[in-house]
Amino acid sequence: MNEAVQLIKSTASFDVNKIRQDFPILQTRAYDRHLAYLDNAATTQKPRIVIDAISNYYLSTNANVHRAVHYLSEKATHAFEQARIRMQQFVNAHSAKEIIFTRGTTEAINLIANSYGGNTLQKGDEILLSQMEHHANIVPWQLIAEKTGAIIKVIPINQHGEIKMEEYEKLLNGRTKIVGITHISNALGTINPLAKIIELAHHVGAKVVVDGAQAAPHLKIDVQKLDCDFYCISGHKMYGPTGIGILYGKEALLEKMPPYQGGGEMIRRVTFEKTSYADLPHKFEAGTPNIADTIGLHAAADYLYDLGLDTIAQYEHSLLSYATERAAVESDIRIIGTAANKGPILSFVMDGVHPHDIGTILDQYGVAVRTGHHCAMPLMQFFNLPATTRASFAFYNTIAEIDQFFDALDKVRALFKG
Ligand code: C6P
C-alpha cells in the first residue's frame, strides 16, 4: 500500500491538486460532501480549456463548414480540419484522410460493420469477438451477420479476464474475416495484447477492428505500430465533449468502402441518375457535422498531450495499485478482472450486498461509481454475475478519494451486515 502512495508522491511533475483546478465540476459538493467522481469509464469530466473551446467557437467562429467562401465559414472549416489533423497525430495515423469524425465509438463500429462488413462479408464468413466486448462491439456485428449470413464466434477468456491466446489462435482460419477486440475492457480493466492479436489475425487475412473507447484516455495510441485496420474512439471518455469521436481506418480500406450515410457533404456530383462521392474523409461525413464538439475534442487532445500520456498512465497505475491493495485485504470483496496488465478500473462484488445497493449508499457518501452489467452482458454471464460495482479512475483522482470510497464501503457493511 505504501509503495503506491510513495510512487504517487515521487511523481513530482504531477501536481494533482493543480490539475483538479482545471476541472470546474470537481469542486461540486454532493450532499455536502466532497464529490469523489470514480465513474470515469462512463464519461470523464471536462477541463475548462475544452469548455472554453466550445463556447469560443460559438462566440467567434460559428458557421457551417466546407460550404461557403465567407470569412466565418473559412474560419470554421479551418478549425474543423485542424481538429482532424490533431486527431491524426493523437493516434499517429499516416494521413488525416484516415480520420473520420463520428458521434463516438458506437457509431464508428456501426459504420465499419455496415460499410466494410456489409460490402465484404459472405455466408459462412466468421467474425471473432472476445467474451469481454462491450455491446457496441457485439450488436452491430450481429445485425450485419444476420444480413450477410456471416457467423459470430467468441474468443474465450480466463478467470482473470484475459484472452486465452492459444484458443484464439485455434479459432483463426481462412474463413475469419473480422476480429473485433477491445483495447481496454470497460468492465474488467484488462489491457489486451493487441499487437499479437492483430499479427495473428493478419496471418489469416482477417481485418482487426479495435474498440479504443477505454484506451484513448489512458494510453498512447499508435495505429501504425499496432497495424490495426480500424480503431474507434469516443471523445467524451478522453475529457472531450459527448457526441463526437473518431473512426481511424487504413486509407486503402476506407477508399474501397461504400458510404455509410447519404446526404450533403459526402458527394462530388449528384444527378437523379447517378451520384459520385466525395474523397476521403468526407465520403463518410454526410450532413452538417458536430463542428463545435470537434473543436472541443481538439482541445481535449491538446490537454492530454500537454499532460503527457505516459505520466498519466504512471499516476493512474499508482491509483489502481493502491485501490487494489486496499480491496485485497477485505475478505468480503472479490475483484472481477485480475489481469496482469490493467487500466485504472476496479470492478468487484461484495458478499451479501447487491451492487445497486452499494452504488446507492456510496452515492450518499459522495462517491460516484457505476453499478450494473456495464453494457457487457456476455461478460457478466461468463462470470455468472448479474452486475458488479465499478470504480474507474482518472488522473484527477486522489488517494484521499480512494480512502473516501473505502470508508463509504464500511458504511455499506454497517448497514447491510450490521
Ligand atoms: N462504456 C461505460 O460505462 P459510446 O457510448 O459510443 O461513447 O461508447 C461505447 C463504448 C464502447 N466500447 C467500450 C469499451 C465502452 O466502454 C463504451 C462505453 C460506458 O463503460 C458506457 S456503457
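Colleague: Leaving aside neighbours within four places in sequence, which residues is Glu 285 in contact with?
Modeller: Keep in mind that this is a predicted model. Glu 285 sits in the loop between β12 (275–277) and α11 (291–307). Contact here means heavy atoms within 4.5 Å. By that cut-off, the partners of Glu 285 are Phe 80, Arg 84, Ile 99, Ile 100, Phe 101, Gly 264, Glu 265 and Met 266.

Colleague: Is Glu 285 buried or exposed?
Modeller: Buried means under 20% relative accessible area. Glu 285 has 6% relative accessibility, so Glu 285 counts as buried.

Colleague: Which backbone nitrogen does the side chain of Glu 285 reach?
Modeller: Phe 101 is among the contacts of Glu 285. The distance from the Glu 285 side chain is 2.7 Å, and the backbone nitrogen belongs to Phe 101.

Colleague: Of the 17 residues around the ligand, which come nearest?
Modeller: Ser 234 and Arg 370 are among them.

Colleague: Where does Gly 372 lie, and is it buried or exposed?
Modeller: Gly 372 lies in strand β16, residues 370–372. Its relative accessibility is 9%, so Gly 372 counts as buried.

Colleague: What separates the C-alpha atoms of Gly 372 and His 354?
Modeller: Along the chain, the two are 18 residues apart. Gly 372 also touches His 356, Met 380, Pro 386, Ala 387 and Thr 388, not counting residues up to four places away in sequence. The C-alpha separation between Gly 372 and His 354 is 9.7 Å.

Colleague: Which elements do the buried residues of α13 pack against?
Modeller: Helix α13 covers residues 355–364, and its buried residues are Pro 355, Ile 358, Gly 359, Ile 361 and Leu 362. In an α-helix, residues three or four places apart point the same way, because there are 3.6 residues a turn. The buried residues of α13 pack against β14 (345–350), β15 (367–368), β16, β17 (388–392) and α15 (399–417).

Colleague: Which residue just after α13 takes a positive phi?
Modeller: The angle is about 85 degrees. The residue is Gly 366.

Methods:
Residues numbered from 1 in each chain as written. Predicted model: local features only at pLDDT ≥ 70, side-chain atom pairs only at ≥ 80, totals over all residues. Heavy atoms only, no water. Helix = DSSP H or I, 4+ residues; strand = E, 2+ residues; numbered from the N terminus. Buried < 20%, exposed > 50% of the residue type's maximum accessible area, 1.4 Å probe, protein only. Polar contact = N/O pair within 3.5 Å; in protein donor to acceptor, adjacent residues only side chain to side chain. Near = heavy atom within 4 Å.
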